[in-house]
Amino acid sequence: MPLTIDPYSAVNWETFHQYKASLHGHTDESDGTKTPAQMIDAWIAAGYDIVAITDHDHVTWPWTDFDRDPEELGLLAIQGQEMSNVEAHRHHTASLFNSWVGTTGYTLETAYAAIQAVNGVAVMAHPGNRYARGWVDDPYPPSFYANFFSTYSCLLGFDICVRDGLFIVTDLWDALLEQLMPSRPVWGFGMDDSHELTSIGFTYVVVLSDELSTAKIKSALQAGQHYVCYDHDASVLTPPPIITEISVNTTKIEITATNYAEIRWISNGKIIELGESLSIVENTKLKKYVRAEIEGENGIIYTNPWGFDSVHHAPRPRPIDIPSANPTMR
Ligand SMILES: [Zn+2]
Ligand SMILES: [Zn+2]
């Protein structure tokens, strides 16, 4: 099937940097336990290059108000907040690259429209949380989420992995990809949702870019030019898998990585292949998308999905051989 979406097509694996990003975390400006300065210092110590402080309905910005200058620290700070006072369905959302804050009682619809109007980016936070915690009897159906993705282009994806593996919703991700790919990709994100120093460094996003600038990182996230890593023990001594290269051509996708034991290729929620390479010509189980999970002893990586044109063209009838006056005409 023809490959129509490749989130990593613009990546030069030799020259691009792999930036470690925390796109969701709290300080005592909302319900976190530490000051912005304390949290920022801890993120730097844990090796982060990109950090968004997402306090609840509060934009903790600029960092210089809290005695930390991202430029001096060599860090990319992203302005944002966590939309939390959402009426009705109450799904939280990380709002990034903008300063919009909703007043009490906004809906997801009005919030996404507002974020879109200011050219911001939205990542639905911890979907499944309310079900996993027993606050609602049934999980929201995939169609509930699909509707938002079909309507709002600012909504890039959602957290497929949360904190130290608290819950992982790849089943919901697969259901949405099955429904929406390849026309509307849903990118995977992950976050610590840190409220204290001890919860930093477990689940993060690795952004692939040649430059650590707001514009480049924003467009990389929009293009899905990133992957999610769940590091089991958040320790540099026992590193999780790292992707060193992904090569794609018309016949296969191949992943080179370190610190892993298994690579699984998943399409329509099922494992369709194991190993470094997937044939996109011969694998009959391949549907509208495929994504890879790279699992090692110390952690797991989730790549973003590749999309395939699912339209099967009927074989063309053989052209009738009409003698032509012009022998060079085809
Ligand atoms: Zn939340
Ligand atoms: Zn949060």
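**Reading the model**

Author: Let us begin with one residue: I301 has its place in strand β19 (residues 299-302). Helices (H or I, at least four residues) and strands (E, at least two) are DSSP runs, numbered from the N terminus. This is a predicted model, in which local features need pLDDT of at least 70 and side-chain atom pairs count only at pLDDT 80 or more, while totals for chains, interfaces and linings use all residues. Residues are numbered from 1 along each chain as its sequence is written, and chains are lettered from A and ligands numbered from 1 in the order in which they are written.

Reader: Is I301 buried or exposed?

Author: A residue is buried if 20 or more other C-beta atoms lie within 10 Å of its own, exposed if 12 or fewer, and partly exposed in between, with C-beta atoms placed from the backbone. I301 is buried, because 24 other C-beta atoms lie within 10 Å.

Reader: Which residues is I301 in contact with, leaving aside its neighbours within four places in sequence?

Author: Two residues are in contact if their C-beta atoms, placed from the backbone, lie within 7 Å. With those neighbours left aside, I301 is in contact with Y227, V228, C229, P241, I243 and I294. I294 is itself part of strand β18 (residues 289-296), and it counts as buried because it has 25 C-beta neighbours inside 10 Å. Under the same exclusion of neighbours within four places, the contacts of I294 are P241, I243, I255, A257, Y260, I263, I300 and I301.

Reader: Where is G275, and is it buried or exposed?

Author: G275 is placed in the loop between β16 and β17 (277-279). It counts as exposed because it has 11 C-beta neighbours inside 10 Å. For an intermediate case, take A114 in helix α3 (residues 108-117): with 19 C-beta neighbours inside 10 Å, A114 counts as partly exposed.

Reader: How is the packing of two helices described?

Author: Two packed helices are described by the angle between their axes and the distance between the axes. Axes are lines fitted to C-alpha atoms, for helices over the stretch in contact, and angles run from 0 to 180 degrees between N-to-C directions. Here the axes of helix α5 (residues 142-151) and helix α6 (residues 170-180) come within 10 Å and cross at roughly 55°. That makes α5 oblique to α6; angles under 35 degrees count as roughly parallel, over 145 as roughly antiparallel, 65 to 115 as roughly perpendicular and the rest as oblique.

Reader: Which residues of α5 and α6 meet?

Author: On the α5 side they are P142, Y145, A146 and F149, and on the α6 side L172, A175, L176, Q179 and L180. This contact of α5 with α6 consists of eight nonpolar residues, one polar and no charged. Ala, Val, Leu, Ile, Met, Phe, Trp, Tyr, Cys and Pro count as nonpolar, Asp, Glu, Lys and Arg as charged, and the others, Gly among them, as polar.

Reader: Which backbone geometries deserve a check?

Author: Most residues other than glycine have a negative phi, and most peptide bonds are trans. In this model a cis peptide bond joins W61 and P62, with omega about -5°; P62 is in the loop between β3 (50-52) and α2 (70-73). Another cis peptide bond joins M181 and P182, with omega about 0°, and P182 lies in the loop between α6 and β10 (187-191).

Reader: What is phi of D193 and of N268?

Author: Phi of D193 is near 50°, a positive value in a residue other than glycine. D193 lies in the loop between β10 and β11 (203-209) and counts as buried, with 24 C-beta neighbours inside 10 Å. N268 is not a glycine either, yet has a positive phi of about 50°. N268 is in the loop between β15 (262-267) and β16 (270-274) and counts as partly exposed, with 16 C-beta neighbours inside 10 Å.

Reader: How many helices and strands are there in the protein chain?

Author: The protein chain has seven helices and 20 strands. Its radius of gyration is 21 Å, close to the 20 Å that the globule rule gives for 330 residues, so the chain is as compact as a globular protein of that length. The radius of gyration is taken over C-alpha atoms, and the globule rule is 2.2 Å times the number of residues to the power 0.38. Buried residues make up 42% of the 330 residues.
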